[in-house]
Amino acid sequence: MRFSGLRVLKEGLTGNKGWRPHWRDPEPKPEYDIVIIGGGGHGLSTAYYLARDHGLKNIAVLERGYIGGGNIGRNTTIVRANYFLQGNSEFYSHSLKLWEGLEEDLNYNVMHSQRGIINLFHSDGQRDAAARRGNMMISQGDDAILLGREELRKMVPYLNFDDLRFPLYGGLYHPRGGTARHDAVAWGYARGADQRGVDLIQNCEVTGIDIENGKVKGVQTVRGPIRAKKVAMVAAGRSSQVAAMAGMRLPIESHILQAFVTEGLKPVIDNVITFGMGHFYISQSDKGGLVFGGDLDFYASYAARGNLPTVEHVMEAGMALMPMIGKAKVLRSWGGIMDMSPDGSPIIDKTHIDGLYVNCGWNYGGFKAVPGSGSVFAHLIATGNYHPASTRHRLDRFRTGRGIIDEEGKGSQHNLH
Ligand SMILES: Cc1cc2nc3c(=O)[nH]c(=O)nc-3n(C[C@H](O)[C@H](O)[C@H](O)COP(=O)(O)OP(=O)(O)OC[C@H]3O[C@@H](n4cnc5c(N)ncnc54)[C@H](O)[C@@H]3O)c2cc1C
């Protein structure tokens, strides 16, 4: 079933009776060539690109809950390619290019909106850092514009320009950045993978990984054992738990990140805006809700909900930046489990176990990486070689100390990245 304007019109006129489920609900087979643990954005996009780019079909994605129930459906939907360091800059550039063709590719409306991102700066020092970052983005082939205070005021006049503590000096504008509808991204990739023969198996928690003589043989699940030639661990916030099933200890800590949405308002915020003096960022959804968030809750946990001190911190930062936000009523808040790596950059690699692969360490920036991650990870699994856009996301960088991609210069403390 293909989606088109004509189809929507026809269905609208004939009682919407022709729509079909987006994907099948298959029983697990006893054996697959490739088993992917985790049906989040990264697991689904990996399956999709394995099938689309490498012609592999005998693949299962095993999801302990339902498709879209993890972080892929809990994030604040920001998509950007504004990284500074080699390793990340070419990777996120690759990912953004895939975003730009994604809707046609998937034949699915993921509501990708390149409304632009503005990172604010509040001092001369921050302006210098923004200019350096912008130059790196441009040299990587992406876009960046350094906005002065008055140019910024024309674009976002509602900000608190003359706050005594945090005066606004300008912003680094990334026009190709923006947002997309997060769960539609999961559904679009799920549908695309299913159409290419991938089995998506929900309510199928993996409870063990079978290894014999240093080679992976399959997995144990709540729905029975499944043999596999290759197994990919793509479990985001639960990566450490899944890797422990293979006897591995990953350099990952799981932390909570919260997000907030207000009641629907008339259009007021055109772009994505990030505060430079506190952890706060905001955009407005197509339904009108202001979508915003801030820093991690400061302790490791597997509970997908946060606590009030962080709520207070985020609200205070929001009020400092745009006092008008105080009039909006917060409708919902929630938390997600972040797989924080020591340098704040992802891990996309083979493991020391033959046939076992790992994809994790997405921190709070893994949504924008979904297309790029799936494409480079599929390349690695199918060919055994690293994709040119992801040669540095090695697992052993934390053991050897070589190749660390510490984007924010925060050192090796997981919850500071
Ligand atoms: C509040 C919040 C805001 C965020 N904002 C942004 C943003 O604006 N931009 C951005 O780029 N990123 C953002 N992120 C980060 C982004 O959402 C994550 O990095 C990304 O979604 C993680 O990858 P995933 O989609 O594959 O994860 P998930 O959707 O969590 O997928 C992992 C899946 O693995 C499954 N699983 C776990 N264990 C097992 C098992 N044993 N067996 C089977 N299945 C298992 C889980 O159920 C889950 O569905 C945000 C995250 C949060 C929580």
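1. Asn-363 sits in the loop between β18 (356-360) and α10. In this predicted model, Asn-363 has a positive phi of about 50 degrees, although it is not a glycine. Asn-363 counts as buried because its relative accessibility is 7%, and buried means under 20%. A backbone N or O atom of Asn-363 also lies 3.5 Å from an oxygen atom of the ligand.

2. As for the ligand's surface, taken alone it exposes 1,000 Å², and the protein buries 96% of that.

3. Thr-77 is not a glycine, yet its phi is positive, at about 65 degrees. Thr-77 belongs to the loop between β2 and β3 (78-79). With a relative accessible area of 13%, Thr-77 is buried. A polar backbone atom of Thr-77 is 3.4 Å from an oxygen atom of the ligand.

4. Which residues are closest to the ligand? They are Gly-41, Glu-63, Asn-71, Thr-76 and Lys-368, out of 37 residues that surround the ligand. Sorted by class, this shell holds 17 nonpolar, 14 polar and 6 charged residues.

5. Some of the shell can be assigned to helices and strands. The elements that give two or more residues to the shell are α2, β12 (253-264) and β16 (330-340). The largest share, 3 residues, comes from β12.

6. The largest one has 47 residues, and the members that touch the most other members are Ile-36, Leu-44, Trp-99, Val-185, Tyr-189, Val-198 and Phe-377. Elements that each supply at least two residues of this core are the strands β1 (31-37) and β2 (59-62), along with the helices α2 (41-54), α3 (89-100), α4 (102-106), α7 (182-195) and α10 (370-383). Another core, of 28 residues, lies apart from it; Ala-228, Ile-347, Val-358 and Leu-395 are among its members.

7. What is Ile-36 in contact with, leaving aside its neighbours within four places in sequence? The list is Gly-43, Thr-46, Ala-47, Leu-50, Ile-59, Ala-60, Val-61, Leu-62, Ala-232 and Val-234.

Terms used. Residues numbered from 1 in each chain as written. Predicted model: local features only at pLDDT ≥ 70, side-chain atom pairs only at ≥ 80, totals over all residues. Heavy atoms only, no water. Core = buried A, V, L, I, M, F, W, Y, C linked by side-chain atoms within 4.5 Å. Buried < 20%, exposed > 50% of the residue type's maximum accessible area, 1.4 Å probe, protein only. Helix = DSSP H or I, 4+ residues; strand = E, 2+ residues; numbered from the N terminus. Contact = heavy atoms within 4.5 Å. Near = heavy atom within 4 Å. Polar contact = N/O pair within 3.5 Å; in protein donor to acceptor, adjacent residues only side chain to side chain. Areas by Shrake-Rupley, 256 points an atom, 1.4 Å probe, with all protein chains shown as cover. Nonpolar A, V, L, I, M, F, W, Y, C, P; charged D, E, K, R; others polar.
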